[in-house]
Amino acid sequence: MDFGQIREILSAPDNVPILGLLGGVAFFLWYGLRQARAMDRLAVQLEADPALAKTHHRKTHPHDDAWEPEVLVWPHLLKVEFLAAIIVTVLLLVWSLALNAPLEEPANPNQTMNPAKAPWYFVGLQELLVYFDPWFAGVVLPLLIVIGLMLFPYLDASPLGTGYYTLRQRKVVLVSFGAGFAIWLAAIVVGTFIRGPGWMWFWPGETWDHTRQVFEKTRDLPAALGPVPVIAFYLLAGWLIHKFVTRTELDRRIYARTSRLQYLTFQFFAITLLIGVPLKIFLRLAFRIKYVWVTPWFNL
Amino acid sequence: MKKTQLWKSVFRVKHDRTDTRTRSLAVLSNVFLHLHPTRVNRDAVRYSYTWGMGGISAYLFLVLLFTGALLMFYYHPTKFQAYRDILYLEHDVPFGRLLRNMHRWGAHLMVITVWLHMLRVVLTGAYKKPREFNWVVGVGLLVLTLLLSFTGYLLPDDQLGFWAVTVGTNMARATPLVGHEGPFGPQLGMTPFNDVRFGLLGGSVVDSNALLRAYVWHCIGIPVILLLLLGVHFWRVRKDGGISGPAPLLLDSEMKD
Ligand code: HEM
């Protein structure tokens, strides 16, 4: 075992922000979900006691009817903003004093960097190049992600959970978004910490071996099947997602509010991005399957 | 001093008073502060709701504009000088290294805070009616933030940036229809010398034209678009009735079917 390699990757100044991101996401997820749990407990309490529901201020924050519902921006908000600006400035100063921005040798087209990695926030896309052809991983997939994100608010037909933390009232939506976010983070982690020369897989503890060769034979699903496996996958995954979306009484009520167009759009993005992408990654890693649909014009 | 004509012409409000009207006017009559309303929901000032991430992202953007403008004094976007300018900044310019570091790490930090801001907006359902469109604007801001970081990566003209951008733009070759290696690209007459990658780089390889293009996008194009969208974003926060919460709980039983 040689942990020097992983230590070297971890301590590369450009990779430090990844640790910051992971730590930040972990902390704020905990922080947000803690507030969600408090709100969910309050919901149970108020559902059970209609009289209380009429009089309760319906927040988990301290409350007194005598308090003004609003406060002045100056000083109450501006002081918080000012404080935040100072803290961020100090943090950035300390970070910049402690860690130097990297500068490699001058650019040299004749000397290939191996591995040549994109900056960490794009390394997830680069990792996806292993599993998809460039036209899909580099162009179609990012477009789908951006379009899917933009459509996101228009696909969520539930008015519950607007403006407060809750888990129970919004399980389907939060699980969907969380899955996408997790895939993105996982691809960044694998691309940064695992991939070595030749974009080969090196576990932490392994040393980068620049002479390593991989004699892995990939295979495709038979071309004669055409789009059948893909279509079958869409139907099956769609059915599974439908089961998940209509699981509880509340889920079914929300589903009833969702229009056909909203639902089919949601299904398309959920199947493609949240199940299709990880499944294809799994097929590739576990069964060395490269293409699931081979045509004369493109392969998927 | 506060009685002079000069003072009164600049500050129209008597800031030493603490009554509500004066304090409201202090916000209203200040061009920077009037992004804000004069009052907000008392629970909305708690950092537990927004985590302050939108505001911190905006602040970091200002820091980046400032440090970036200073860097521009020392940097020439040419193959001959770019790398040397970075060396010069690091070794000779007073506080040059600190300046470069702050710009670099500020950019990384902004990517992180924008993502956390998005996460908060999701967790609080803040994108729901009537704020759907502001979310769309937000996604635009996210993409621009990433592109800003990416175009900046090439500017030191070192191996790191060169290969990252080479790898990144190589994907553009494979764009369907408009890339010379993409599906239906060759059939439509795409070659390495006229496809979308050529347009991005100003050439078929990452070279001096690419450096110049990255520079112009990084220092002018993207920041200007981002500022515009940021203006819309803040405007919409106000027009959509201020931030979304903390709002009172809506019970399941109160949702109309
Ligand atoms: C450059 C990046 C961005 C900046 C500087 C920014 C700034 C802000 C600020 C200052 C607010 C006020 C409340 C708060 O601080 O949370 C806000 C609200 C909001 N932002 Fe952003 N934002 C950015 C990117 C995004 C992104 C990526 C999204 C979502 C994809 C987004 C969606 C929203 C929404 C929906 C609101 C309203 C939230 C509410 O009413 O609670 N923004 N933004």
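This is a predicted model: local features need pLDDT of at least 70, side-chain atom pairs count only at pLDDT 80 or more; totals for chains, interfaces and linings use all residues.
**Entry 1: Glu254(B) and Arg58(A)**
I then looked up accessibility. Glu254(B) has a relative accessible area of 36% and is partly exposed. Arg58(A) has 12% and is buried.

**Entry 2: Arg195(A) and Glu127(A)**
Next I looked within chain A. The side chains of Arg195(A) and Glu127(A) meet in a salt bridge, 2.9 Å from N to O. I placed Arg195(A) in the loop between helix H7 (171–194) and strand E2 (219–220), and Glu127(A) in helix H5 (residues 123–128), so the bridge ties together parts 68 residues apart in sequence. Are these residues buried or exposed? Arg195(A) is buried, at 5% relative accessibility. Glu127(A) is buried too, at 3%.

**Entry 3: Arg236(B) and Asp240(B)**
I turned to chain B. Arg236(B) and Asp240(B) join their side chains in a salt bridge of 3.6 Å, N to O. I found Arg236(B) partly exposed, at 24% relative accessibility. Asp240(B) is buried, at 12%; the cut-off for buried is under 20%.

**Entry 4: Network and count**
I also checked for shared partners. Lys59(A), Asp43(B) and Arg46(B) are joined into one network by salt bridges that share partners. Last, I took the total: 13 salt bridges over all chains.

Notes: Residues are numbered from 1 along each chain as its sequence is written. Chains are lettered from A and ligands numbered from 1 in the order in which they are written. Side-chain values use heavy atoms; hydrogens and water are left out. A salt bridge is a side-chain nitrogen of Lys or Arg within 4 Å of a carboxyl oxygen of Asp or Glu. Buried means under 20% relative accessible area, exposed over 50%, partly exposed in between (1.4 Å probe, protein chains only). Helices (H or I, at least four residues) and strands (E, at least two) are DSSP runs, numbered from the N terminus.
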